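Below are a few numbered points for a colleague who has the structure open.

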Amino acid sequence: MRKMKSNRASSIILHNVLIAFLAFVWLIPIIWLVCTSFSAYSGMNTSTFFPREWSLIHYQKLFQPDTVQQFPRWFMNTFIVACFTTVISTAFVLMVAYATSVMRFPMRKPLMNMGVILNLFPGMLSMIAVYFVLKTFNLTNSYAGLIMVYSGSAGLGYLIAKGFFDTIPRALCEAARLDGCSEARIFSTIIIPMSRPIIVYTVISSFLGPWMDFVFAKMILNAGISENYTVAVGLYKMLDKSLINSYFTIFCCGGVLVSIPISILFFIMQKFYVEGVTGGAVKG
Amino acid sequence: MGKKSKNGFIAAVGGVFGAIGRFLADFGSAVAKGDAFVKLSLLWWGAGYARRKQYVKAAIMTALEAGLILFTIFFALDYVPKFGSLGTVKPEKVFNMKTMKNEWNDYDNSFLILLFSLFSFVVWAAGIIIWMKNVVNVYRLQLKAEAGEHINTFREDLHSYVEEKFHITLLTLPVLGITVFTFVPILLLILVAFTNYDQQHMPPTNLFSWNGFNNFISLFGGGGMTITFGYAFVRVLGWTLVWAFFATFTTYIGGILLSILLNSQKTRLPRMWRTLFIITIAVPQFVSLLLVRNFFANGGIVNTICANIGLTGFLRDIGLISTSYIPFLSAPGWAHVMIILINIWIGIPYQMLIATGVLMNLPSDQVESARVDGAKPFQIFKSITMPYMLFVTGPALVTDFVKNINNFNVIYLLTEGVYTTTNQAMANSQAKEVDLLVTWLFRLTQDYYNYKMASTIGIIVFIICALFTLFAFNRMIGNGREEDYQ
């Protein structure tokens, strides 16, 4: 009896040690990021894992912009673009999801099929062409261009929200319709208030888009003016071969500061993400 | 499964053609059976509405028609006639006798011709649909009037857009956005793939022209060009598929294993562990990947550690490396393996999240009875957990595979500026051994302005993705399932 118990205890310990080990491996780069950001040395520390001298000086430098590094400005740029993107994208996604889920009209299936086909083209491909169009209208290197790029085609990402609307009982809408409620009022006063989870998910994921994106921003902001950059492009440029030795630690500081709000939002969102991706499939 | 999804796809395509067919039939019968005003609507869009005393609608349709005609005369006709040649007049300085100065001539810009012609075609297509739809509507009005039914006032018509036509209100702006920012750009690049638009043919200083299938021929190795696109294409395609396969399956299996590990009853503080793993994906990729790339740099910290513990020396002794450092991300082979390993680091927590959600719904009675019957954990995993996971997330697996084919971030952030190819044939076509098709086409456009080849590669990527998606098609648009719980 006792032997079995100790056997079980040791297997639990082994199990948890294994998890702890994996978690440690997974976190090494993150730990390195945080530690390096407190280094007193500006370049990349290549000889020891932990910095030799600790200091907060690079966090201070991060808020004293120079010609290369304008973190506060980048942060503002990204924030402004993200806010506009959020409003437009969320509206588009909810509108398309509601129309395709709740309403029935002849073009519904053909439109949805078109959406699937369009989604198969690499986003990069259409972005290259969008870049030309924006350049023709002088919209590159501007907020407007970025906002359009991030939110213009947002309607295509409606599937998760549609999956959610699909689970709302239709009887509710029918009852409202019998009471003489217009379709627009059903949407705005019945469905939307019931859909808080999916709205939170959509808002956060479209807000995170501009913060997480790197490619499109790099493409649109190609004039090399540091003032216009988003955080992603700005931090990337800091790691240029000619700059990395004087800016690596500042890069780490910026990385830490931008990761904190994003991580918090991401944690709120991931709950809904799991539900959205698996919800429909599981219940079916 | 495969057969079913294929039918789904055919049904979908058939549905699109069916809808078009019905629309044309409606239009035909409207023209044939309509009265004089319906027929007049073919010329003057407002005629039918004016006849039924819907004057506001008549005015709107007339204005639309006028707008379309003005658009055609003052805009489209400047560009569309040159669409066949994509322009013939190069920019030149010409001496102007009036101002006594050298001035630019009225030159053609091939790109603007292509873009605005395409734009005109789209506007015209929309115009034709409105024109036909208009006749159908007017004919319906005629039928209503003949049957003595009530004919809507303008106010009632407007009201229908929050009632039975609410979907039009909802969809107009998003569909317009998709048309402008996805659909037209894709058409544009498909057209570019059939031109010779590259660095030697850059508007406005130079013209480009139609090129037929030459780009496709040189991509598949023909054409006898000095630039070895065919050589590079086969290698890049090969690595893209290998990468997509390993990236998808390593993270998929790993994610399931990790979530089983974390969800086990033996785990203490499962929420804390889960949070720690999620932190790695909550940090934006441009931070974490750029960091990892410096972590494994040739003169980076990992190399220092490996040198200190003697690993570098050992590897040199057995002939695996010839340099004084381990070229984690800068030599073929090493870089390929490292990229897949780093992707495991960044991909497993994602899959763990999804797998956790799915496994919560795993029929626990099956697992219990298997355990009672004395099944080993591995047997349970093989015979119960995995089949269930595959059943639920199988289609998502295909989507993941397609996403990985287009996984730009991981490859670009890890290798751009770090990895330089030593293979001259690859370098000639601006490719690297670690490139995916998408990173290759990105570099072709951004650094080498080779738009013709980039577009051609883009079309190939689309075809590959489309082929793989055919298998998951049914599930992706939720055909047949969406009404299960309504």
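1. In chain B, 11 residues of domain 2 are in contact with nine residues of domain 3, two residues being in contact if their C-beta atoms, placed from the backbone, lie within 7 Å. On the domain 2 side of chain B that touches domain 3, the residues comprise six nonpolar, four polar and one charged. The C-alpha centres of domain 2 and domain 3 of chain B are 45 Å apart. The domain assignment divides chain B into domain 1 (1-25), domain 2 (34-212) and domain 3 (229-476).

2. This is a predicted model, in which local features need pLDDT of at least 70 and side-chain atom pairs count only at pLDDT 80 or more, while totals for chains, interfaces and linings use all residues. Residues are numbered from 1 along each chain as its sequence is written, with chains lettered from A and ligands numbered from 1 in the order in which they are written.

3. Helix α5 of chain A (residues 123-136) has 14 residues and reaches 20 Å from its first C-alpha to its last, close to the 20 Å expected at 1.5 Å a residue. Because 10 of its 14 residues are buried, α5(A) is largely enclosed by the rest of the structure; a residue is buried if 20 or more other C-beta atoms lie within 10 Å of its own. Among the buried residues are Met124(A), Tyr131(A) and Phe132(A). Just after α5(A), Asn138(A) has a positive phi of about 60°.

4. Helix α19 of chain B (residues 437-446) is mostly covered, with eight of its 10 residues buried, including Trp440(B) and Phe442(B). The cover over the buried residues of α19(B) includes α5 of chain A, along with α9 (229-263), α17 (408-415) and α20 (451-470) of chain B.

Notes
Domain bounds come from an automatic or database domain assignment. Ala, Val, Leu, Ile, Met, Phe, Trp, Tyr, Cys and Pro count as nonpolar, Asp, Glu, Lys and Arg as charged, and the others, Gly among them, as polar. Helices (H or I, at least four residues) and strands (E, at least two) are DSSP runs, numbered from the N terminus. The expected span of a helix is 1.5 Å times one less than its number of residues. A residue is buried if 20 or more other C-beta atoms lie within 10 Å of its own, exposed if 12 or fewer, and partly exposed in between; C-beta atoms are placed from the backbone.
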